[in-house]
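Hi,

Here is the structure I promised to pass on. Have a look at it first, and then read my notes below.

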Amino acid sequence: MATTPGFLTDWPWKSLGCFKHVLLAPWAIPKTYEFITGNGGGERDLSTFLIFPFLIWRMIHNQLWISFSRYRTAKGTTRIVDRGIEFDQVDREAGWDDQIVFNGLLFYIGAMSLTGATHLPLWRLDGVVITVLLHAGPVEFLYYWLHRALHHHFLYSRYHSHHHSSIATEPITSVIHPFAEHIAYFTLFAIPMLTTILTGTASIVSFAGYITYIDLMNNMGHCNFELVPASLFSAFPPLKLLLYTPTYHSLHHTQFRTNYSLFMPLYDHLYATADESTDDLHERSLNRGDESPDVVHLTHLTTPESVYRLRLGFAYLAASPDAADGRLRLLHRLLWPVTLWTMGLTWLYGRAAFVLERHRFGDVRLQTWALPKYRIQYAMQWQKEAINSLIEDAIVEAEGKGVKGEELNGYGEIYVRKNPGLRTKLVDGSSLAVAVVLNSIPKGTTQVAIRGTPALFKVASALAQSLCQRGLQVVVPTKKEYDRLRQSFGTTSHANLLLSKAHSTKVWLVGEGLSEEEQKQAGKGTLFIPFSQFPPKKLREDCFYHTTPALTAPKSLENVDSCENWLGRRVMSAWRVAGLVHALEKWEEHECGDRMLDVDKVWEAALRHGFRPLHSSPPSPVVAYN
């Protein structure tokens, strides 16, 4: 939002939310029907029919730029501005498709009201030439002076400051303006289109090509990485006046009073507003290599639809864990062919981890690398060798980059044995996960039940031992689980470890092995605290559920713009935080296999670095009894 929002700041359909696209239906449906059936009362109108498919193409085109940009900025290659983006920017830029809806409505209105705007030919050379000349002349010239006017304090505070709220830009930043600005921009861009209609030289290619060119240049210019090679300008120096670059426009967002031109720097040079550091920044950005992280968090895809929740995909869904579930289900139904296609690609060609996101915490750089494997594949025996190979390759790559710590969603002992000289420390995060669960148990609790231990037995065993040592009774339901836990205690006293099938205990520590039947047998008011990486399905409205072990990240953790699965904003899983804390503390030991760190030591370190519990441990009226 602008500093002091002016008239026509909000889009007219703001209250419609994601249903704004329905506004196109009264035009798109009948025009599509008329073209397919031929019932339009004359020759089929291909140009009007193509308006709606063209709008879809524009959305796909923009989304491809979003995904490509987020991948490149996460890697760090040729990055321009080191500053990251946060949730406020994601929210501000969530309506990037508003301008596509707006343009679509105007295209349909124009086709119905302007003579010569329908039944356009596919191609006319004269119309394309006119479009190019009018853009390079009147459009670029008028835009330059409009842009300078928007930087006058009166208009800037009421309108253009909204766009400049984003310092580290993304492709979609290019279209984030108040409604009034978009009216002015469309008026400018309509000059070539209206001229070709009035002169009878318009064509489908001139219209679609011109708008696609605008989208392409807008997206490219707002990428936070450089991709225009210097050799292009060396081979043809005058091109510097005709083609801007991401670094060129980035300087406008950081310096504010330079580089006003639309796509052609010519007018900045004519009116002495070109930034003198443009060439130097362009060269420095191109020479910047991949960022070497200090900590790498290895993760993987979960369900088939989780691909849409990656920050490389739909940015707003990735940033909205609570509100996105219904939309995600609808999206999954609509895009099931894409879902199957992505699943096929990951199964057939998922042979290397890829950089998903980056963070900075003080001097420590953290990257998340995603393994292109789904959760179900981890349970398949024939996939284990391929997955182990993927993880080992990622560890070797991290070692080559000088990574200090690598957080694994697994125990990792096999990789330490195979690489005894490994300098990178492997951290499975079990100790911090145990600490989070222990500090989530309500004060005054004297007895807890442990259920669903087959998965993450290491965490379950450590929890049981810690609780028994602290004087709490730990109840397990089966002889098999009881014997296994008792054996894992070693010389530690197991006097407080109880075997009982009773369901009266009011605090349950649950793993992924918890069955629906067990959950239904729990007493009313039971508190379920997961110690697993995946939460139990909430079947009981008369019980209470904690989320998986997690901590709220401090504000000093930068570039947090997406949510971790079902966790809220700026909430990180304990396994992910553990690797970061390990690096911050400069601990030299691995935490994998059967190795555990001191739980209290890890917990105190996490708190000292600003991480806070998601669930506190207040005094509780819970009464535990045998």
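**What I found**

Let's start with strand β10 (residues 527–530): Leu527 and Ile529 point one way from it, Phe528 and Pro530 point the other way, and all are buried. "Buried" here means under 20% relative accessible area, "exposed" means over 50%, and "partly exposed" is in between (1.4 Å probe, protein chains only). Strands (E, at least two residues) and helices (H or I, at least four) are DSSP runs, numbered from the N terminus.

Before going on, some background: this is a predicted model, where local features need pLDDT of at least 70 and side-chain atom pairs count only at pLDDT 80 or more, while totals for chains, interfaces and linings use all residues. Residues are numbered from 1 along each chain as its sequence is written, and side-chain values use heavy atoms, with hydrogens and water left out.

**The sheet**

Which strands sit together with β10? An open sheet of 6 strands runs in the order β8-β7-β6-β9-β10-β11, with parallel pairing. Two strands count as paired if DSSP finds at least two bridges between them. At the edges stand β8 (497–499) and β11 (544–545); each has a single partner strand, so one side of each is left without a neighbour in the sheet. Helix α21 (residues 479–488) packs on the sheet and touches β7 and β8, and its direction makes about 160° with that of β8. For touching, the rule is contact, meaning heavy atoms within 4.5 Å.

Going through the pairs, β9 and β10 are parallel and share 4 bridges. Trp508 has Phe528 in β10 as its bridge partner. Strand β9 (residues 507–510) is also joined to β6 by 3 bridges, and these two run parallel; Ile450 stands opposite Leu509 of β9.

Is β6 enclosed or open? 5 of the 5 residues of β6 are buried, so the strand is largely enclosed by the rest of the structure. Gln447, Ala449 and Arg451 point one way from β6, and Val448 and Ile450 point the other way.

**Helix pairs**

Two packed helices are described by the angle between their axes and the distance between the axes. The axes are lines fitted to C-alpha atoms, for helices over the stretch in contact, and the angles run from 0 to 180 degrees between N-to-C directions.

Back at α21, helix α20 (residues 457–469) packs against it at an angle of about 70°, with the axes 10 Å apart. That makes α20 roughly perpendicular to α21. The cut-offs are: under 35 degrees is roughly parallel, over 145 is roughly antiparallel, 65 to 115 is roughly perpendicular, and the rest is oblique. Phe457, Ala460, Ser461, Ala464 and Gln465 in α20 meet Arg484, Leu485 and Ser488 in α21. By type, the residues of this contact of α20 with α21 are 4 nonpolar, 3 polar and 1 charged. (Nonpolar: Ala, Val, Leu, Ile, Met, Phe, Trp, Tyr, Cys and Pro; charged: Asp, Glu, Lys and Arg; polar: the others, Gly among them.)

Now for helix α8 (residues 179–198) and helix α9 (residues 204–221): their axes come within 11 Å and cross at roughly 175°. That makes α8 roughly antiparallel to α9. From α8, the contact uses Phe189, Pro192, Met193, Thr196 and Ile197, and from α9 it uses Phe207, Tyr210, Ile211 and Ile214. The residues of the contact of α8 with α9 come out as 8 nonpolar, 1 polar and no charged.

**Some single residues**

Most residues other than glycine have a negative phi. Ala272 has a phi near 60°, a positive value in a residue other than glycine. Ala272 lies in the loop between α12 (266–270) and α13 (278–286) and is exposed, with a relative accessible area of 71%. Arg570 also has a positive phi, of about 60°, but Arg570 is buried, with a relative accessible area of 18%. Its place is in the loop between β13 (557–558) and β14 (571–573).

Cheers
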